[in-house]
Amino acid sequence: MTESSKRPVAVFDIDNTLADTAHRQRFLESRPRDWDAFFAAAPQDPPIAQGVALAAATAEECEIVYLTGRPERCRRDTLDWLAAHGLPEGRVHMRRNADRRPARHTKLEILRRLAERREVRVLVDDDELVCDAAERAGFTVVRARWAQHSAALEQAQEGEGRT
């Protein structure tokens with residue numbers, strides 16, 4: 001089977017798309033931001049029912065790929081969380097530990113790389129700037145608007161490139 005004849009991929013963000021980060025937002029609201037505590041609390045994220053259901057339904061037609069702004073050092077916790085909450089198996093693309101570029105740049109770069117080899121059926125993400133960039137690049141996007149909006153997280157994503 002050639003790469004192009006395989007099932008299309010559906011790309012899912014994790015934080016505030018599948019995992020509810022509301023309980024750890026407090027670590028981003030003070031100065032300096034406590035990134036170590038923010039990421040250390042990720043294993044306790046409750047799943048977001050709408051995102052999990054969409055991932056499960058989409059997995060019937062597509063291979064699932066996870067695309068997160070979490071740093072690579074969080075890989076084990078992230079894989080354990082996905083498995084513990086019954087999410088479909090799939091490759092996980094994470095930010096290099098020292099990469100501080102905004103998610104709209106890092107995620108679009110990975111989406112384009114995926115699209116070179118496979119049909120990218122959809123991107124599901126909560127970050128409006130990531131969604132805007134993906135749509136401008138021609139990708140189909142589902143905006144995950146089912147988590148509580150956090151101005152602190154939005155500012156951290158765009159200004160500090162941390163998630």
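## N16 and its partner

The side chain of N16 makes a polar contact with the side chain of T21, at 3.0 Å. A polar contact is a pair of N or O atoms within 3.5 Å; within protein, one must be able to donate a hydrogen and the other to accept it, and residues adjacent in sequence count only if both atoms are side-chain atoms. N16 lies in the loop between strand 1 (9–12) and helix 1 (35–40). N16 is buried, with a relative accessible area of 4%. Buried means under 20% relative accessible area, exposed means over 50%, and partly exposed is in between (1.4 Å probe, protein chains only).

## About the model

This is a predicted model, in which local features need pLDDT of at least 70, side-chain atom pairs count only at pLDDT 80 or more, and totals for chains, interfaces and linings use all residues. Residues are numbered from 1 along each chain as its sequence is written, and side-chain values use heavy atoms, with hydrogens and water left out.

## T68 in strand 2

T68 sits in strand 2 (residues 63–71). Helices (H or I, at least four residues) and strands (E, at least two) are DSSP runs, numbered from the N terminus. T68 is buried, at 3% relative accessible area. Its side chain reaches the backbone nitrogen of R70 at 3.1 Å.

Contact means heavy atoms within 4.5 Å. Leaving aside neighbours within four places in sequence, T68 contacts D13, I14, V92, H93, M94, R95 and K107.

## R73 in a loop

R73 is in the loop between strand 2 and helix 3 (75–84). R73 is partly exposed, with a relative accessible area of 45%. Residues up to four places away in sequence are not counted here: R73 touches D36, F39 and N97. R73 and R96 are 23 residues apart along the chain, and their C-alpha atoms are separated by 8.2 Å.

## Helix 4 against helix 5

The axes of helix 4 (residues 103–117) and helix 5 (residues 128–136) come within 9 Å and cross at roughly 40°. Axes are lines fitted to C-alpha atoms, for helices over the stretch in contact, and angles run from 0 to 180 degrees between N-to-C directions. The two helices are therefore oblique to each other. Angles under 35 degrees count as roughly parallel, over 145 as roughly antiparallel, 65 to 115 as roughly perpendicular, and the rest as oblique.

Helix 4 contributes A103, R104, K107, L108 and L111 to the contact, and helix 5 contributes L129, V130, A133 and A134.
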